[in-house]
Amino acid sequence: MLEQLGYTVLDSSDPTQTMAMLEAYPGDVHLLITDVIMPEMSGRDLSEKVLSPYPGIKCLFMSGYTDDAIAQHGVLDKEIHFINKPFSRGQLATVVRKILDEDA
(Lines give C-alpha, C1' and ligand atoms only; values in the text may rest on other atoms or scores of the structure.)
Protein backbone atom coordinates (compact mmCIF):
# COMPACT_ATOMS: atom_id res chain seq x y z
CA MET A 1 0.00 0.00 0.00
CA LEU A 2 2.73 2.47 0.93
CA GLU A 3 4.65 1.87 -2.29
CA GLN A 4 1.44 2.55 -4.24
CA LEU A 5 1.25 5.86 -2.38
CA GLY A 6 4.76 6.78 -3.53
CA TYR A 7 6.75 5.94 -0.40
CA THR A 8 9.99 3.97 -0.37
CA VAL A 9 9.51 0.89 1.79
CA LEU A 10 12.11 -1.24 3.53
CA ASP A 11 10.44 -4.53 4.46
CA SER A 12 11.72 -6.63 7.32
CA SER A 13 10.50 -9.85 8.87
CA ASP A 14 12.42 -9.75 12.17
CA PRO A 15 14.14 -7.28 14.53
CA THR A 16 17.69 -8.32 13.62
CA GLN A 17 16.97 -7.80 9.94
CA THR A 18 15.36 -4.45 10.71
CA MET A 19 18.46 -3.15 12.46
CA ALA A 20 20.76 -4.43 9.69
CA MET A 21 18.61 -2.76 7.04
CA LEU A 22 18.67 0.55 8.90
CA GLU A 23 22.45 0.41 9.23
CA ALA A 24 22.91 -0.43 5.54
CA TYR A 25 20.34 1.98 4.08
CA PRO A 26 22.09 5.08 2.70
CA GLY A 27 19.09 7.38 2.96
CA ASP A 28 17.02 8.74 5.81
CA VAL A 29 14.32 6.59 7.34
CA HIS A 30 11.40 8.64 8.59
CA LEU A 31 8.86 6.14 9.89
CA LEU A 32 8.84 2.70 11.49
CA ILE A 33 5.55 0.84 11.11
CA THR A 34 5.28 -2.20 13.34
CA ASP A 35 2.70 -4.58 14.64
CA VAL A 36 2.11 -4.38 18.38
CA ILE A 37 2.25 -8.11 19.01
CA MET A 38 4.90 -10.13 17.18
CA PRO A 39 6.61 -13.49 17.80
CA GLU A 40 10.16 -12.38 18.69
CA MET A 41 9.52 -9.12 20.51
CA SER A 42 6.74 -6.62 20.95
CA GLY A 43 6.41 -3.68 18.61
CA ARG A 44 7.08 -1.40 21.56
CA ASP A 45 10.39 -3.17 22.26
CA LEU A 46 11.32 -2.99 18.57
CA SER A 47 10.58 0.72 18.47
CA GLU A 48 12.79 1.31 21.51
CA LYS A 49 15.57 -0.71 19.88
CA VAL A 50 15.25 1.32 16.66
CA LEU A 51 14.83 4.73 18.30
CA SER A 52 17.86 4.36 20.52
CA PRO A 53 20.38 4.82 17.67
CA TYR A 54 17.87 6.61 15.37
CA PRO A 55 15.92 9.06 17.57
CA GLY A 56 14.51 10.98 14.59
CA ILE A 57 12.44 8.07 13.31
CA LYS A 58 8.73 8.29 14.07
CA CYS A 59 6.69 5.18 14.83
CA LEU A 60 3.25 3.89 13.89
CA PHE A 61 1.89 0.85 15.69
CA MET A 62 -0.84 -1.35 14.24
CA SER A 63 -2.88 -4.25 15.56
CA GLY A 64 -5.98 -6.28 14.95
CA TYR A 65 -6.26 -7.16 18.62
CA THR A 66 -8.72 -5.53 21.00
CA ASP A 67 -7.78 -2.48 23.06
CA ASP A 68 -7.45 -4.65 26.18
CA ALA A 69 -4.96 -6.96 24.49
CA ILE A 70 -2.76 -4.14 23.23
CA ALA A 71 -3.01 -1.91 26.30
CA GLN A 72 -0.70 -4.24 28.19
CA HIS A 73 1.94 -3.56 25.51
CA GLY A 74 1.89 0.18 26.30
CA VAL A 75 0.81 1.51 22.93
CA LEU A 76 -2.46 3.17 23.84
CA ASP A 77 -0.74 6.15 25.44
CA LYS A 78 -1.83 9.49 23.97
CA GLU A 79 1.53 10.30 22.39
CA ILE A 80 1.66 6.95 20.55
CA HIS A 81 0.48 6.70 16.93
CA PHE A 82 -1.78 3.72 16.36
CA ILE A 83 -3.98 2.32 13.59
CA ASN A 84 -6.42 -0.57 13.95
CA LYS A 85 -6.37 -3.45 11.47
CA PRO A 86 -7.94 -3.90 9.08
CA PHE A 87 -7.47 -0.47 7.53
CA SER A 88 -7.89 0.91 4.03
CA ARG A 89 -5.17 2.45 1.90
CA GLY A 90 -6.86 5.81 2.42
CA GLN A 91 -6.82 5.45 6.20
CA LEU A 92 -3.16 4.44 6.15
CA ALA A 93 -2.30 7.33 3.83
CA THR A 94 -3.99 9.82 6.16
CA VAL A 95 -2.30 8.53 9.30
CA VAL A 96 1.16 8.28 7.72
CA ARG A 97 0.96 11.79 6.26
CA LYS A 98 -0.20 13.21 9.61
CA ILE A 99 2.71 11.57 11.43
CA LEU A 100 5.31 12.66 8.87
CA ASP A 101 3.99 16.23 8.86
CA GLU A 102 4.23 16.61 12.65
CA ASP A 103 6.82 19.13 13.78
CA ALA A 104 7.31 20.22 10.16
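## Salt bridges, cores and helix faces in a predicted model

The chain has three salt bridges, a salt bridge being a side-chain nitrogen of Lys or Arg within 4 Å of a carboxyl oxygen of Asp or Glu. This is a predicted model, in which local features need pLDDT of at least 70 and side-chain atom pairs count only at pLDDT 80 or more, while totals for chains, interfaces and linings use all residues. Residues are numbered from 1 along each chain as its sequence is written, and side-chain values use heavy atoms, with hydrogens and water left out.

### Overall layout

Four helices and three strands make up the elements of the chain; helices (H or I, at least four residues) and strands (E, at least two) are DSSP runs, numbered from the N terminus. Read from the N terminus on, their order is α-β-α-β-α-β-α. The accessible surface of the chain is about 6,700 Å², and carbon and sulfur atoms account for 50% of that surface. Accessible areas come from the Shrake-Rupley method with a 1.4 Å probe, and for residues only the protein chains shown count as cover.

Of the 104 residues in the chain, 30% are buried. Buried means under 20% relative accessible area, exposed means over 50%, and partly exposed lies in between (1.4 Å probe, protein chains only). Contact means heavy atoms within 4.5 Å. Among contacts between residues at least 6 apart in sequence, 59% join residues at least 24 apart.

### The salt bridges

| Residue pair | Distance, N to O |
|---|---|
| Asp-35 and Lys-85 | 2.7 Å |
| Arg-44 and Glu-48 | 3.7 Å |
| Asp-101 and Arg-97 | 3.0 Å |

Which parts of the chain does the salt bridge between Asp-35 and Lys-85 tie together? Asp-35 lies in strand S1 (residues 31–35) and Lys-85 in the loop between strand S3 (81–84) and helix H4 (89–101), so the pair ties together parts that are 50 residues apart in sequence. Asp-35 counts as buried because its relative accessibility is 18%. Lys-85, at 33%, counts as partly exposed.

Asp-101 is partly exposed at 40% relative accessibility, and Arg-97 is partly exposed at 38%. An α-helix has 3.6 residues a turn, so residues three or four places apart point the same way.

### The nonpolar cores

A nonpolar core is a set of buried Ala, Val, Leu, Ile, Met, Phe, Trp, Tyr and Cys residues joined through side-chain atoms within 4.5 Å. The largest such core holds ten residues, namely Met-19, Leu-22, Leu-32, Val-36, Leu-46, Val-50, Ile-57, Cys-59, Phe-61 and Ile-80. Helix H1 (15–24), helix H2 (43–51) and strand S2 (58–63) are the elements that give two or more residues to this core. A second, separate core has nine residues, including Leu-2, Leu-60, Met-62 and Leu-92.

Leu-22 belongs to the largest core. Beyond its neighbours within four places in sequence, Leu-22 is in contact with Val-29, Val-50, Tyr-54 and Ile-57.

### One face of helix H2

Which residues of H2 are buried? They are Gly-43, Leu-46, Ser-47 and Val-50. Seen down the axis of H2, these buried residues fall within an arc of 100°, so they line one face of the helix. The arc is that of the directions from the helix axis to the C-beta atoms. The buried residues of H2 pack against H1, S1 and S2.

Met-41 sits in the loop between S1 and H2 and is partly exposed, with a relative accessible area of 21%. Leaving aside neighbours within four places in sequence, Met-41 is in contact with Pro-15, Leu-46 and Lys-49. Met-41 and Asp-14 are 27 residues apart in sequence, and their C-alpha atoms are 8.9 Å apart in space.

His-81 is in strand S3. Its side chain is joined to that of Glu-102 by a polar contact of 3.2 Å. A polar contact is a pair of N or O atoms within 3.5 Å; within protein, one must be able to donate a hydrogen and the other to accept it, and residues adjacent in sequence count only if both atoms are side-chain atoms. With neighbours within four places in sequence left aside, His-81 is in contact with Cys-59, Leu-60, Phe-61, Ile-99 and Glu-102.
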